[in-house]
Amino acid sequence: MLIRIRACALNARELMILRGYYTLPVKPDVVLLADGAGEIVDVGTGVARHKVGDRVAGSVFPRWIDGRFSLDVAAQIGGSLDGMLAEFVVASEDAVVRIPDHLSFEQAATLPCAGVTAWNALTGLRPPSPGDTVLTLGSGSVSLFALAFAKMHGARVIATTSSDDKAERLRRLGADEVLNYRAVPEWQAAVRELTGGRGVDHVIEVGGGGTLEKSLKSVAIEGQIAIVGWLANQTTTIDVRAIAGSVATMRRVAVGSRAQFEAMNRAISAHLTAPVIDRVFDFADTLSAFRYFEAGNTFGKVVVRLP
């Protein structure tokens, strides 16, 4: 299928690729960006899942249709495969999903990486039940999506962030409690206090070495910690007593399958969820978009709009 790309979005993985320490293989001179949405303008013989005019977004792992992740399906858009930062992209019909009708292309472009990662992190093992408590860390895009998805499931959300301004914005998005980790550096104790000593049922762990031990000390017995990233950029020696005392499940999340993408889109459509966008740049200003994103002061996604 030939897809006219209308919008792309940036993720932390792009900075890892540019700096040379991305976990998965990257082809030389790769076309960047895993996130992209557009409309199908032509189809080849035998295409049955989609038609001309369909509004679609690419699946980050186009060969991962369903089931468990494995190296057999690890080829990824914007890494070992060319990405979405292009006016037109050729893709297999299996490699894309239809986007929710109520979303613009700019909004839909934010879904493939951060959105699916948050959905997998929250629902991929044991989804939250109404009344469960979910802990999100920071105000990055995965955490913002996780906040929205947790509220869909009827969960209580405790969020951490770095400023009072971001705390207020998180509350407006539905966070029930927000902890400023600069003012409350031992926020794991505050999380315990807010849950009556029990701890939280789910942690969306994006900090890695800088936050993992505190997440272990925040989680309830038989809770879950979904390890999404390593944004705190720190190494750590974790007190083994924090692991032994948690009796929790830790699971590393690698975005998600096409089936999870489609399930997420159904939920987004049912709830008319709107992704949080920080700023939209024109295609001609892509370099400025990267520099703005790299500065690290965003709240929501940075999007590039194509003509």
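In which helix is Ser246 found? Ser246 belongs to helix 8, which spans residues 240-246. Helices (H or I, at least four residues) and strands (E, at least two) are DSSP runs, numbered from the N terminus. The model is predicted, so that local features need pLDDT of at least 70 and side-chain atom pairs count only at pLDDT 80 or more, whereas totals for chains, interfaces and linings use all residues. Residues are numbered from 1 along each chain as its sequence is written, and side-chain values use heavy atoms, with hydrogens and water left out.

Ser246 has a relative accessibility of 3% and therefore counts as buried; buried means under 20% relative accessible area, exposed over 50%, and partly exposed in between (1.4 Å probe, protein chains only). When neighbours within four places in sequence are set aside, Ser246 is in contact with Leu216, Val219, Ala220, Ile221 and Glu222, where contact means heavy atoms within 4.5 Å.

Strand 10 comprises residues 219-227. Seven of its nine residues are buried, so strand 10 is largely enclosed by the rest of the structure. Two strands pair if DSSP finds at least two bridges between them. Strand 10 pairs in the parallel sense with strand 9 (residues 200-205) over five bridges, and with strand 11 (residues 249-252), also in the parallel sense, over four. Ala226 is the bridge partner of Ile204 and also stands opposite Arg251 in strand 11. Ile225, in turn, stands opposite Met250 of strand 11.

These strands belong to an open sheet of six strands, with parallel pairing and the order 8-7-6-9-10-11. Its edge strands, strand 8 (177-180) and strand 11, each pair on one side only. From one strand to the next, the twist averages 15 degrees. Axes are lines fitted to C-alpha atoms, for helices over the stretch in contact, and angles run from 0 to 180 degrees between N-to-C directions. Helix 4 (residues 141-152) lies across strands 6, 7 and 9, at about 165 degrees to strand 6. Helix 5 (residues 164-172) lies across strands 7 and 8, at about 160 degrees to strand 7.

A further contact joins two helices. The axes of helix 3 (residues 111-123) and helix 9 (residues 258-271) come within 9 Å and cross at roughly 90 degrees. The two helices are therefore roughly perpendicular to each other, a term covering angles of 65 to 115 degrees. Residues making this contact include Trp119 of helix 3 and Phe261 of helix 9.

Terms used:
Parallel < 35°, antiparallel > 145°, perpendicular 65-115°, else oblique.
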